[in-house]
Amino acid sequence: MILAAGTLSDLSGWLDRTSSHWWFLGIIVLIAFLDSVVPVVPSETCVIIGGVAAGTGHYPLWLVIPAGAIGAFAGDNLAYELGHRAGPWFERRAGRKDKTRARLEWTKRQIVERGGTLLITARFIPGGRTLLTLSCGITNQRRRWFAGWVAVAATLWSTYASLLGFVGGKAFQDDHTKAFLLAFGAALALTGGIEGVRWIRHRSDRAHQPTRVIEMSED
């Protein structure tokens, strides 16, 4: 209990010292950018913290939302470019391996059938956005189509995370820790709900169907 109280106290102090500065908006851009390529960077948490700071009056919410969206948009486009550059290798691999060719065709079909809504949904799934943006590049989806839908997805995602933090900041203006925990808990619940629905919808899919183009390199 003492350890938990100390941890919460440290968290509150960190939020007060760091997120209250204007330069934290730049941190949001950077973290959102990195998370699109390396999905272990806590971009959603960072945007939520920015929303909490906006809710407690440190800077306007309308600056937090574009900070997260711009970083996410740029990162998604980088992931697309990386996938696009790797595309010829996968095509050559598909020419030699029936299993790889089947996976590649399945991925193309999923993107074509589900379209831009898939890019929006994937942005709310941990790791899903990176796998999908790489896949769009690998399967040579149209850049303008990709950029347009990614812009929508990044804006919706950043707005959602920022508002969660903002509402928490307004509710607990004198306690940043409670505000953050409230917003973060809501984000976890929503993400868990999305994952649950996704699992239920796809539990009858064939076990061997791929969900990750990255795994095509396996024999």
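Predicted model: local features only at pLDDT ≥ 70, side-chain atom pairs only at ≥ 80, totals over all residues.
Before I show you anything, one definition: a residue is buried when its relative accessible area is under 20%, exposed when over 50%, and partly exposed in between, with a 1.4 Å probe and protein chains only. Helices here are DSSP runs of H or I with at least four residues, strands are runs of E with at least two, and both are numbered from the N terminus.

Hello everyone, and thanks for coming. Residues are numbered from 1 along each chain as its sequence is written, and side-chain values use heavy atoms, with hydrogens and water left out.

Let me start with the overall picture. The protein chain has 8 helices and 0 strands, so the pattern along the sequence reads α-α-α-α-α-α-α-α. Of its 219 residues, 46% are buried. Contact, for this talk, means heavy atoms within 4.5 Å. Among the contacts with a separation of 6 or more, 79% are between residues 24 or more positions apart.

How many of its 13 residues are buried? The count is 13 of the 13, so α3 is largely enclosed by the rest of the structure. The expected span of a helix is 1.5 Å times one less than its number of residues. After α3 comes Gly57, with a positive phi near 90°.

Next, helix α2, residues 24-37. Its 14 residues reach 21 Å from the first C-alpha to the last, close to the expected 20 Å. Which residues of α2 are buried? They are Phe24, Leu25, Ile28, Ile31, Ala32, Asp35 and Ser36. These cover an arc of only 135° around the axis, which puts them on the same side of α2. The arc, by the way, is that of the directions from the helix axis to the C-beta atoms.

Let's stay on α2 for a moment and look at Ser36, which sits in that helix. Ser36 counts as buried, at 0% relative accessibility. Leaving aside neighbours within four places in sequence, Ser36 is in contact with Ala72, Gly75, Asp76, Ala79, Arg123 and Thr130. Ser36 and Leu131 are 95 residues apart in sequence, yet their C-alpha atoms are 9.4 Å apart in space.

Helix α4 covers residues 61-96, and Asp76 is in it. Asp76 is buried too, at 2% relative accessibility. Not counting residues up to four places away, Asp76 touches Ser36, Arg123, Thr133, Phe146 and Val150. Ala67 is also placed in α4, and is buried with a relative accessible area of 7%. Beyond its neighbours within four places, Ala67 is in contact with Leu25, Ile28 and Val29.

On a 1 Å grid over the protein atoms alone, a cavity is a set of points where a 1.4 Å probe fits but cannot get out, and lining residues have an atom within 4 Å of a point. Grid points are joined across faces, edges and corners, and a volume is the space filled by probe spheres set on the points. The structure holds 1 cavity of 30 Å³ or more, and the largest cavity has a volume of about 40 Å³.

What lines the largest cavity? The answer is Asp76, Leu119, Ala122, Arg123, Arg129, Leu132, Thr133 and Val150. Two elements give two or more residues to this lining, α5 (98-122) and α6 (128-138). The most comes from α6, with 3 residues. By type, the lining has 4 nonpolar, 1 polar and 3 charged residues. Here Ala, Val, Leu, Ile, Met, Phe, Trp, Tyr, Cys and Pro count as nonpolar, Asp, Glu, Lys and Arg as charged, and the others, Gly among them, as polar.

As for α6, 10 of its 11 residues are buried, so it is largely enclosed by the rest of the structure. Arg129, Leu132 and Thr133 are among those buried residues.

My last stop is Asn140, in the loop between α6 and α7 (143-171). Is Asn140 buried or exposed? Asn140 is exposed, with a relative accessible area of 53%. Its phi is positive, about 60°, although Asn140 is not a glycine. Most residues other than glycine have a negative phi.

Note on methods:
1 Å grid on protein atoms, 1.4 Å probe; cavity = no way out; pocket = protein on both sides within 12 Å on 5 of 7 lines; lining within 4 Å.
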